[in-house]
Amino acid sequence: MAGLDKNIWVIANWKSNKTIAEALDWVSKVGPEIPKLTNLKAVVCPVFSALSEVKKAITVGNFPLMAGSQDLSPFGVGAYTGEEPVELLSGLASMAILGHSERRQNFGETDEMIIKKVDQALKGNIIPLVCVQSEKTLVPQGCKLIAYEPIWAIGTGNPDTPENANKTAKVLKEKYGQDLEILYGGSVTGENAKAFIFQSNINGMLIGRASLDAEEFIKICKVMERI
Ligand code: PGA
């Protein structure tokens, strides 16, 4: 294990990007380069249509990488057009990003819906990763992994400071329990990742734009080798 005795999650949120071919190219480049450290939890979250192929490539390559989804249905299997229920995802996704601010803004997602999604995820043994926009955002019961992502920092090249992210994480832990693992998200790059990893209340990063680039994602994972 590297010099840190806590889990560090490095999670790629590809959003609505990458064809299956592009996704497989990324996995073939990134998979062999991820440091094999027990406390490094690397996850890639492609679009649903690429999830099965990505999962297969990870399994065949035996890479220290998990596949995740960017959402899941608040309902089970049945008459819910367009939704991806946990029963059909659980063989493919180890985790699900839930309540991302882009979903709250563009798809009207509410705390009530996110609570239902967390319940579904837990039922299917998928780790729910709930995105909170501030220390005021509700963390549903049973959720032990969250990402603090201030809206103004997402995709802007203007990240929150590691110190402020740490302070917010501390408040969230006081509110919801010390066993909560809290990631930071918003303009994370290979350059600034290390400063977040070193914060005492931060357990990794949720990465959008920089994660699309295989080299950049490898660079972020490799920070863990040097500490
Ligand atoms: P960003 O996105 O890294 O492009 O800022 C992060 C996110 O939205 O999860």
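**View A. Cys143 is a buried residue.** At 3% relative accessibility, Cys143 falls in the buried class (buried is under 20% relative accessible area, exposed over 50%, partly exposed in between, with a 1.4 Å probe and protein chains only). This is a predicted model, where local features need pLDDT of at least 70, side-chain atom pairs count only at pLDDT 80 or more, and totals for chains, interfaces and linings use all residues. Residues are numbered from 1 along each chain as its sequence is written, and side-chain values use heavy atoms, leaving out hydrogens and water.

View B. A disulfide here is a pair of cysteine sulfur atoms within 2.5 Å, and the count comes to zero. Cys131 is in no disulfide, with the nearest cysteine sulfur, that of Cys143, 9.5 Å away. Seen from Cys143, the closest cysteine sulfur is in Cys131, and 9.5 Å is too far for a bond. Cys131 is buried too, at 0% relative accessibility.

View C. The ligand has 13 residues around it, and Lys15, His100, Glu149, Gly155 and Ser187 come nearest (near means a heavy atom within 4 Å). That shell splits into four nonpolar, six polar and three charged residues.

View D. For Glu149, a side-chain N or O atom is 2.6 Å from an oxygen atom of the ligand. The Lys15 side chain has an N or O atom 2.7 Å from a ligand oxygen, and for the Asn13 side chain the figure is 3.5 Å. Taken alone, the ligand exposes 280 Å², and the protein buries 98% of that (Shrake-Rupley method, 1.4 Å probe).

Conventions. A polar contact is a pair of N or O atoms within 3.5 Å; within protein, one must be able to donate a hydrogen and the other to accept it, and residues adjacent in sequence count only if both atoms are side-chain atoms. Ala, Val, Leu, Ile, Met, Phe, Trp, Tyr, Cys and Pro count as nonpolar, Asp, Glu, Lys and Arg as charged, and the others, Gly among them, as polar.
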